[in-house]
Amino acid sequence: MYVTDCLCGGTGRRGRLKICCSQERAGSIPARGTIRILLDQYLEVVLSKTIALTGDRPTGKLHLGHFVGSLKTRVDLQHTHDQYIMIADTQALTDYFENPQLVVDNIVEVLSDYLAVGIDPELSTIFIQSQVPALCELTMYYMNLVTVARLERNPTVKAELAQKDFGKSIPAGFLCYPVSQTSDITAFKAEVVPVGEDQLPMIEQANEIVRRFNRIYNTQCLKEITAHLGETKRLAGIDGKAKASKSLNNAIFLCDSPEIIKEKVFAMFTDPDHLKVSDPGKIEGNVVFQYLDAFYPDAKEISALKTQYQKGGLGDTVIKSLLNDVLQHLLQPIREKRAELKRENLLDLCFDGTKKAKSVAEKTLYEVKSSIGIDFFEKCNFYQRNH
Ligand code: TRP
């Protein structure tokens, strides 16, 4: 019996709590032990913070796109939410199953980036996806609730397929990764997912699975999810391509050296028709202005610069130098903090987080199985639930 089976409410008097059974259960009076469990669950619900979850595939170092899309939000959310951050090595293997070492090596890189931007393992539960087997089990049950056609239509998957050139040989693991992502989120009952705009179709698909599951199995055990977009929804690549990405080699990494940052800023796509300083320039598609919008603290100043640029009389070198200064200032402390980290024992930092994640996900898996009706050996403590 769960707290969701009951109506719980304060009586208005301090220290008293009234627990009533829902109508279907009104005939049976719960035993004293049951009331204790219900009380614990009630307190858990009342005292708990909203849960947030995100993750990154460990396929390389993180870049400015990650920073504005979600890392910055995570640093804030860790103070207000119960936040889980997952290193998605299982998902990374859908791309790199033939080169697992790359995934393994990049776990420490991603972890270093987290710590360098200010994610604190004391405040956020950081864990490694592959060490939480309940996630795979959930995926298996959710896969029945989505069609291959729907997966192929998912715009994020579609965009990635276009880049990858699989032809007709799409690995099933790759195609199903939105389903596995649904498991990652629902396993922790996360309601908030801080992501970049490109991940919105993922959240939509996850919510479809959540709603289908709850309807088919007549339960409320899975929670619907809200995407939490960063201030800058999508950061363009330095070449002007739609998205900054590791695979397109058009991103500025959080650990790039001052020289590389400068080089990348000065190589940025601006307006190919803006040949002389006196020429009027275009803002639309101009990557330097996009980055200034995202990183320069004074929006008014940028707006004045844009007007001047459009009129003519403002050279690319001036705006590039300005952006270079801003980015150097932003990235210097991050790079320094990253360099100070002792990489040998970084993995230990997510041991406790992974243990906690494992136990929380197992609890949800149990609820999922009992909603389906396949919790056969519950009476003999088969499931080792920690609650
Ligand atoms: N797809 C994300 C990335 O490409 C990683 C990820 C896996 C994720 N599971 C998730 C993000 C759940 C948000 C929620 O980096």
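Which residue takes a positive phi just after helix 15?

A: The residue is G373, which has a positive phi of about 100° just after helix 15. The structure is a predicted model, in which local features need pLDDT of at least 70 and side-chain atom pairs count only at pLDDT 80 or more, while totals for chains, interfaces and linings use all residues. Residues are numbered from 1 along each chain as its sequence is written.

Helix 15 covers residues 351–372; here helices (H or I, at least four residues) and strands (E, at least two) are DSSP runs, numbered from the N terminus. Its 22 residues should span 32 Å at 1.5 Å a residue, and the C-alpha atoms at its ends are 31 Å apart, which agrees. The expected span is 1.5 Å times one less than the number of residues.

Part of helix 15 is buried, namely T354, A357, V360, A361, E362, T364, L365 and V368. A residue is buried if 20 or more other C-beta atoms, placed from the backbone, lie within 10 Å of its own, exposed if 12 or fewer, and partly exposed in between. The cover over these buried residues includes strand 4 (82–87), strand 5 (124–128), helix 5 (134–142) and helix 9. Such contacts are counted when the C-beta atoms of two residues, placed from the backbone, lie within 7 Å.

Helix 9 (residues 177–186) packs with helix 10 (residues 200–216) at an angle of about 70°, their axes being 9 Å apart. Axes are lines fitted to C-alpha atoms, for helices over the stretch in contact, and angles run from 0 to 180 degrees between N-to-C directions. The two helices are therefore roughly perpendicular to each other; angles under 35 degrees count as roughly parallel, over 145 as roughly antiparallel, 65 to 115 as roughly perpendicular and the rest as oblique. On the side of helix 9, the contact consists of P178, V179, Q181, T182, I185 and T186, and these meet M202, Q205, A206, I209 and V210 in helix 10. The residues of this contact divide into seven nonpolar, four polar and no charged. In this classification, Ala, Val, Leu, Ile, Met, Phe, Trp, Tyr, Cys and Pro are nonpolar, Asp, Glu, Lys and Arg are charged, and the others, Gly among them, are polar.

The ligand is surrounded by 13 residues, of which the closest are G55, D56, A88, Q181 and D184; a residue counts as near if its C-beta atom, placed from the backbone, lies within 6 Å. At least two residues of this shell come from each of strand 3 (51–56), helix 9 and strand 6 (192–195). Strand 3 gives the largest share, four residues. By class, the shell holds six nonpolar, four polar and three charged residues.

The loop between helix 9 and strand 6 contains K189. Like G373, K189 has a positive phi, but K189 is a residue other than glycine, and its value is near 55°. K189 counts as buried, with 20 C-beta neighbours inside 10 Å. A further positive phi, about 65°, belongs to D165, which is not a glycine. D165 is located in the loop between helix 7 (155–164) and helix 8 (172–175). With 7 other C-beta atoms within 10 Å, D165 is exposed.

I119 is placed in the loop between helix 4 (100–117) and strand 5. I119 has 19 C-beta neighbours inside 10 Å and so counts as partly exposed. Leaving aside residues up to four places away in sequence, I119 touches R74, V75, Q78, I85, Y114 and S124. Of these, I85 is 34 residues from I119 in sequence, with a C-alpha to C-alpha distance of 9.4 Å.

Finally, the wider setting may be given. The protein has 15 helices and seven strands, and buried residues make up 34% of its 387 residues. Among contacts between residues at least 6 apart in sequence, 77% join residues at least 24 apart.
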